[in-house]
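User: I'd like to learn how to read a model like this one, feature by feature. Can we take it step by step?

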Amino acid sequence: MKVILLSEVFWPYGSGGELATYLWIRVLNPILSITAVTAKISEDIINELRSLGVEVIVLEELNTSSRVKLW
């Protein structure tokens, strides 16, 4: 089964919700084919997720500085 995950920011940015999302991806990755789409993520996490087989798409043009603009 394929799953796409959309997140404004991704761990290590953000707080507990982003950490929980990151941990769930690590747990569910062997069972599901996961694609993560985000605007803000660290290079270390991108490399780690890709080594686990998770496809990571970074939308750099997405402005996350203002939630009003984002939505």
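User: Which residue just after α2 takes a positive phi?

Analyst: That's G53, with a phi of about 100°. Helices here are DSSP runs of H or I with at least four residues, strands are runs of E with at least two, and both are numbered from the N terminus. Before we go on: this is a predicted model, where local features need pLDDT of at least 70, side-chain atom pairs count only at pLDDT 80 or more, and totals for chains, interfaces and linings use all residues. Residues are numbered from 1 along each chain as its sequence is written, and side-chain values use heavy atoms, leaving out hydrogens and water.

User: Okay, so which residues of α2 are buried?

Analyst: First the cut-offs: buried is under 20% relative accessible area, exposed is over 50%, and partly exposed lies in between (1.4 Å probe, protein chains only). In α2 (residues 43-51), the buried ones are I45, I46 and L49. Down the helix axis they fall within an arc of 105°, so they line one face of α2. The arc is taken from the directions that run from the helix axis to the C-beta atoms. Over on the other side, E43, D44 and S51 are exposed.

User: And what covers the buried residues of α2?

Analyst: The cover includes α1 and β3. Contact here means heavy atoms within 4.5 Å.

User: Let's do α1 then. Which of its residues are buried?

Analyst: Start with the general idea: an α-helix has 3.6 residues a turn, so residues three or four places apart point the same way. In α1 the buried residues are E18, Y22 and I25. They span an arc of only 60° around the axis, which puts them on the same side of α1. W24 and V27 are exposed on the other side. Among the elements covering the buried residues are β1, β2 and α2.

User: How far does α1 reach from its first C-alpha to its last?

Analyst: The expected span is 1.5 Å times one less than the number of residues. With 13 residues, α1 reaches 18 Å, close to the 18 Å expected.

User: Now the strands. What does β2 pair with, and in which sense?

Analyst: Two strands pair if DSSP finds at least two bridges between them. β1 (residues 2-9) runs parallel to β2 with 7 bridges, and L6 sits opposite V37 of β2. β2 also runs parallel to β3 (residues 55-58), joined by 4 bridges; there A36 faces V56.

User: Is β2 largely enclosed or open?

Analyst: Of the 8 residues in β2 (residues 33-40), 6 are buried, so the strand is largely enclosed by the rest of the structure. Take T38, which lies in β2: at 2% relative accessibility it counts as buried. Leaving aside residues up to four places away in sequence, T38 touches S7, E8, V9, F10, I57, V58 and L59.

User: What about E61, buried or exposed?

Analyst: E61 is exposed, with a relative accessible area of 68%. You'll find E61 in the loop between β3 and α3 (67-70). E61 and A39 are 22 residues apart in sequence, yet their C-alpha atoms are 7.6 Å apart in space.

User: Which peptide bond is cis?

Analyst: The one from W11 to P12, with omega near 15°. P12 lies in the loop between β1 and α1.

Definitions and conventions: Right-handed = clockwise from strand over helix to strand, strands pointing away.
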